Number of protein chains: 2
Amino acid sequence: MKVSEPAQSASRQVQKERTRQAILASALELSHEQGFAQVSLRQVSRHAGVVPTAFYRHFESMDKLGLALVEQSFSTLRRMIRDAQRDPHVFDNIIDAAADVLVEAVKQSKAHFAFVARERVGGPEVVRTAIRHELDLFVSELAVVLARLPNIENWSTEDVQMVSRLFVRNMVSNAEEVVEMPDGRPDLEEKIKEGARRQMRLIVVGFRDWRS
Amino acid sequence: MKVSEPAQSASRQVQKERTRQAILASALELSHEQGFAQVSLRQVSRHAGVVPTAFYRHFESMDKLGLALVEQSFSTLRRMIRDAQRDPHVFDNIIDAAADVLVEAVKQSKAHFAFVARERVGGPEVVRTAIRHELDLFVSELAVVLARLPNIENWSTEDVQMVSRLFVRNMVSNAEEVVEMPDGRPDLEEKIKEGARRQMRLIVVGFRDWRS
DNA sequence: GAAATCAGTGAACATGCGTACACTCAAATT
DNA sequence: AATTTGAGTGTACGCATGTTCACTGATTTC
């Protein structure tokens, strides 16, 4: 990792931010191998090319670092859903679009998804709590998006909320699979995508018929 | 924890097994607070009322202890499904029965379910692998049980397998919720149970209509 | 150009860790 | 009754950890 040399004097702010990002990236990478909770402050610092004491200039504790990673991860996720909304394709076919977006997004920022999927259950208390909170928020946000969709607009609020919850649960679950997926197996990836599609279809179909 | 005193000389075997169980129970309890991977050999030994070196008389490493806990947890789960099969009630209404069994079983051996739910994603590599393997086995076993059910007997093998997978995923997911549930809130428990029921119904209904 | 700021340094500390080794002493075997 | 066995002990070791403190020296502020 080794934060790039000041070169020819980057402004102080810029250099500080650079180091901060190096620490975040190091923590993310090390977490992938051993889980965030087993990563030590010294490991992160070492990997970021900085002395342990310097760590405190950026985060007051490992817990705070963890929370920063949660925030970073979800801002990635939010950008993804915002972009997807602009895509007219989703109006025709939410399910295929969602499956595409999911797999694509997970591939793009695998590390962040992996972090959320792992630390949601295995992380330190504060991190788990933060993730659960963010996921709840995300369910509500997704519900708003879904409610606008043509074939859903007449559903009750509660039903939309529940479909949203099931979708998010499904997303987390599939993210876990992508995470555990060995590298360089794009065939498995397609399989996961297809599975995600089928499950979402199941949810929607089941709901429609149940409500009628 | 403190393994009970030899009292008036329990046979050597018996006393050894007693200590072994004390270690397993200690590890399970400590894992609940911090996750298995952060539990140290010395913590477990201390909590079990035994000197660190004695640990090695029972397990050659913490990894092996973890695997033993996986085994113990799944034998609990298997006993549960075996008992449920004998209950004639399940033939009429798999879903309600499954929901009851799930919540009841989880309540009864909360610690083991918590362990599986947590360490499946957050645990050390070997433990994660073992759990994934056991869950795969469990999916197949459940599929056999499901295939015998009256309203399912004419389904294709693949469909039964997939329903089984969705059920197990659902089970894990609900176990997670029960795990994160604050103590002494039986109202939440009923809510989770109801949620589990609805989701299983969704799966079955969705499947029936999709296949037709 | 002098003074202040502050990101990053380096040494030192107390603590908890895993494991090695030689041991004890009651139960089991002979 | 004499001997062997083996679960549990106690000490000691080297190592990584989180945090402290006084520090340096380039950048920013004045």
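**Entry 1: chain A as a whole**

Among contacts in chain A between residues at least 6 apart in sequence, what percentage join residues at least 24 apart? I looked this up and found 65%. I note here that the model is a predicted one.

I then went through the elements of chain A and found ten helices and zero strands. Read from the N terminus on, the order is α-α-α-α-α-α-α-α-α-α. I also looked up the box that the C-alpha atoms of chain A fill, which comes to roughly 65 × 35 × 35 Å along the principal axes. Of the 212 residues in chain A, 32% are buried.

**Entry 2: where the chains touch**

How many residues of chain A are in contact with chain B? I found 17 residues of chain A, and they are in contact with 17 residues of chain B. On the side of chain A that touches chain B, the elements that give two or more residues are α7 (110-122), α9 (157-180) and α10 (186-211) of chain A. The most comes from α10(A), with seven residues. I sorted the residues of this side by class and got eight nonpolar, five polar and four charged.

Next I asked how chain A is laid on chain B. The answer is a turn of 179° with a shift of 0.0 Å along the axis, and the RMSD is 0.0 Å. This is the relation of a two-fold axis. I had in mind that two copies of a chain are related by a rotation about an axis and a shift along it.

I also checked which surface each copy uses. Of the interface residues of chain A, 100% are interface residues in chain B as well, so the copies meet through the same surface.

I moved on to helix pairs. Two packed helices are described by the angle between their axes and the distance between the axes.

For α7 (residues 110-122) and α8 (residues 125-147) of chain B, the axes come within 8 Å and cross at roughly 120°. The two helices α7(B) and α8(B) are therefore oblique to each other. The crossing in which α7(B) passes α8(B) is left-handed.

On the α7(B) side, the contact is made by B:V116, B:E119 and B:R120, and on the α8(B) side by B:V127, B:R128, B:I131 and B:R132. By class I noted three nonpolar, no polar and four charged residues in the contact of α7(B) with α8(B).

**Entry 3: α8 and α9 of chain B**

How do α8(B) and α9(B) cross, left-handed or right-handed? I found that α8(B) passes α9(B) in a right-handed crossing. The axes of α8(B) and α9(B) (residues 157-180) come within 8 Å and cross at roughly 120°. That makes α8(B) oblique to α9(B).

I listed the residues that meet. From α8(B) they are B:L135, B:F138, B:V139, B:L142, B:A143, B:L146 and B:A147. From α9(B) they are B:V160, B:Q161, B:V163, B:S164, B:R165, B:F167 and B:V168. The contact of α8(B) with α9(B) has eleven nonpolar, two polar and one charged residues.

**Entry 4: α7 and α9 of chain B**

The axes of α7(B) and α9(B) come within 9 Å and cross at roughly 115°, and the crossing is left-handed. The residues in contact are B:K110, B:F113, B:A114 and B:A117 of α7(B) with B:V172, B:A175, B:E176, B:V178 and B:V179 of α9(B). The classes in the contact of α7(B) with α9(B) are seven nonpolar, no polar and two charged.

I began with B:E29, which is found in helix α1 (residues 12-34) of chain B. B:E29 has 15 C-beta neighbours inside 10 Å, so I put it down as partly exposed. Along the chain, B:E29 and B:A111 are 82 residues apart, and their C-alpha atoms are separated by 7.3 Å.

From C-alpha to C-alpha, B:E125 and B:V163 are 28 Å apart in space, and 38 residues apart in sequence.

Last, I found B:R148 in the loop between α8 and α9 of chain B. B:R148 counts as exposed, with 11 C-beta neighbours inside 10 Å. B:R148 and B:F91 are 57 residues apart in sequence and 9.2 Å apart in space, C-alpha to C-alpha.

Technical notes: Residues numbered from 1 in each chain as written. Chains lettered and ligands numbered in written order. Predicted model: local features only at pLDDT ≥ 70, side-chain atom pairs only at ≥ 80, totals over all residues. Contact = placed C-beta atoms within 7 Å. Helix = DSSP H or I, 4+ residues; strand = E, 2+ residues; numbered from the N terminus. Nonpolar A, V, L, I, M, F, W, Y, C, P; charged D, E, K, R; others polar. Least-squares fit on C-alpha atoms with pLDDT ≥ 70 in both. Axes fitted to C-alpha atoms, helices over the stretch in contact; angles between N-to-C directions. Parallel < 35°, antiparallel > 145°, perpendicular 65-115°, else oblique. Left-handed = near helix turned anticlockwise from the far one by under 90°. Buried ≥ 20, exposed ≤ 12 C-beta atoms within 10 Å, placed from the backbone.
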